[in-house]
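User: I would like to understand the labels used for this structure. Could you take me through them?

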Amino acid sequence: MKLKRFLYITAIAVVALSPFVLAAGCLSESDQAAATFECPPDAGWPQVSQVLERKCGTLDCHGDRGRPFRLYGRNGSRLSEGDVVGDTDGTSDAELEENRLSTCALEPELMNAVRTEDAELETLTLLRKPLLLEAHKGGRVWLEDSPGYICLSSWITSGSTAVDGPACEAELSLP
Amino acid sequence: MKLIQLRVALPLILAAVAGGSCLSPIEDEEIAALGPEVDGIPEGPFHRYGQNCLACHGGYGEGSPTFTIAGTVFATRTDNIPVQGAVITVTDSLGVSYAVPSNCAGNFYIEADAYPAAFPLRVEVECSLPENADGERIKRRSVMGTRINRDGGCASCHTQGGATLDSPGQVFCVEEQPDPPFEVESDCEGGPR
């Protein structure tokens with residue numbers, strides 16, 4: 001009976017402590033080192049950011065600073081003290097840069113792979129979610145031929161080619 | 001014998017703990033943060049003006065009925081004067097509109113059964129200013145600058161007071177009090193106390 005009790009208590013202890021043991025075992029130096037990744041250039045980004053701010057960056061979605069893929073913007077959360085929601089000054093340069101990094105940092109390794117053509121564009125969660133290829137609380141935002149989707153994807157692959165400005169403008173002109 | 005008792009008791013204890021707490025600690029905290037009801041204001045259309053209605057009436061909390069959208073309209077950007085009779089018109093992504101007036105506590109709500117809207121939503125607010133010396137009631141219309149993508153609880157973004165880093169501030173009718181000004185309805189069941 002004593003042995004049975006001992007085994008029972010030991011089993012509970014193992015189950016309770018296993019997450020901590022596993023977590024400690026998984027950490028390595030490489031996990032703590034800063035990773036570098038390539039983010040698409042900032043040429044054309046202000047227009048792309050404007051599209052994302054309008055479509056995704058409202059306060060009840062990615063304009064909420066606690067959410068992954070956080071976007072700042074004139075009508076979403078603001079970055080700097082002194083700026084308030086709805087300011088007429090518009091999205092600041094610092095906010096634009098934060099948005100660019102936030103967009104890349106969602107899946108930095110995959111973004112690198114897409115940029116070097118080692119992965120398909122549609123593998124990015126950034127594009128899969130608005131197409132509703134995977135679950136998205138905000139539902140389907142775009143189809144593959146929507147101007148907003150063309151605008152965003154043209155920025156991701158930009159460098160040798162430019163951001164598709166007319167597509168971005170077309171998206172921004174929608175009601 | 002004790003071991004057998006423990007085996008029986010443990011699942012029961014776990015079940016009781018799980019049953020006693022809710023599924024979302026974030027929403028539980030939001031509901032708790034609303035605080036108690038104000039003395040003298042019964043639960044109903046006039047209670048908790050300015051608070052996030054959908055914390056309880058959004059399908060998660062115990063509030064009934066469930067709302068698609070609900071909030072409070074104030075007179076100006078920073079005061080606590082509720083506006084009665086403001087007309088809030090919501091249009092969903094299918095083009096279906098629904099209009100509802102605010103009551104004397106400034107509160108308005110659209111029940112989900114009556115209008116199960118397809119997000120995103122466009123919202124406009126039309127306020128009638130207090131009757132002037134010529135017997136006229138001038139109307140002011142504001143259209144929300146962004147769409148509502150998922151959260152129909154107006155106060156979850158439009159927190160009371162002016163605009164901040166992460167809130168456009170409360171929903172209001174005019175920048176400055178008109179002449180004659182908006183006033184608190186003294187015989188209203190809700191509103192400021």
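Analyst: Happy to! Let's begin with burial: a residue is buried under 20% relative accessible area, exposed over 50%, and partly exposed in between (1.4 Å probe, protein chains only). By that rule Cys104(B) is buried, and Cys188(B) is buried too. Please keep in mind that this is a predicted model, where local features need pLDDT of at least 70, side-chain atom pairs count only at pLDDT 80 or more, and totals for chains, interfaces and linings use all residues. Residues are numbered from 1 along each chain as its sequence is written, chains are lettered from A and ligands numbered from 1 in the order in which they are written, and side-chain values use heavy atoms, without hydrogens and water.

User: What makes Cys104(B) and Cys188(B) a disulfide?

Analyst: A disulfide is a pair of cysteine sulfur atoms within 2.5 Å. The sulfur atoms of Cys104(B) and Cys188(B) are 2.0 Å apart, and they form a disulfide. The torsion about their S-S bond is about 80°, so this disulfide is right-handed.

User: What makes strand 2 and strand 3 of chain B a pair?

Analyst: Strands (E, at least two residues) are DSSP runs, as are helices (H or I, at least four), and they are numbered from the N terminus. Two strands pair if DSSP finds at least two bridges between them. Strand 2 and strand 3 (residues 97-101) of chain B run antiparallel and are joined by five bridges. Within that pairing, Val90(B) stands opposite Tyr98(B).

User: How do you know that strand 2 of chain B is mostly covered?

Analyst: Four of the five residues in strand 2 (residues 87-91) of chain B are buried.
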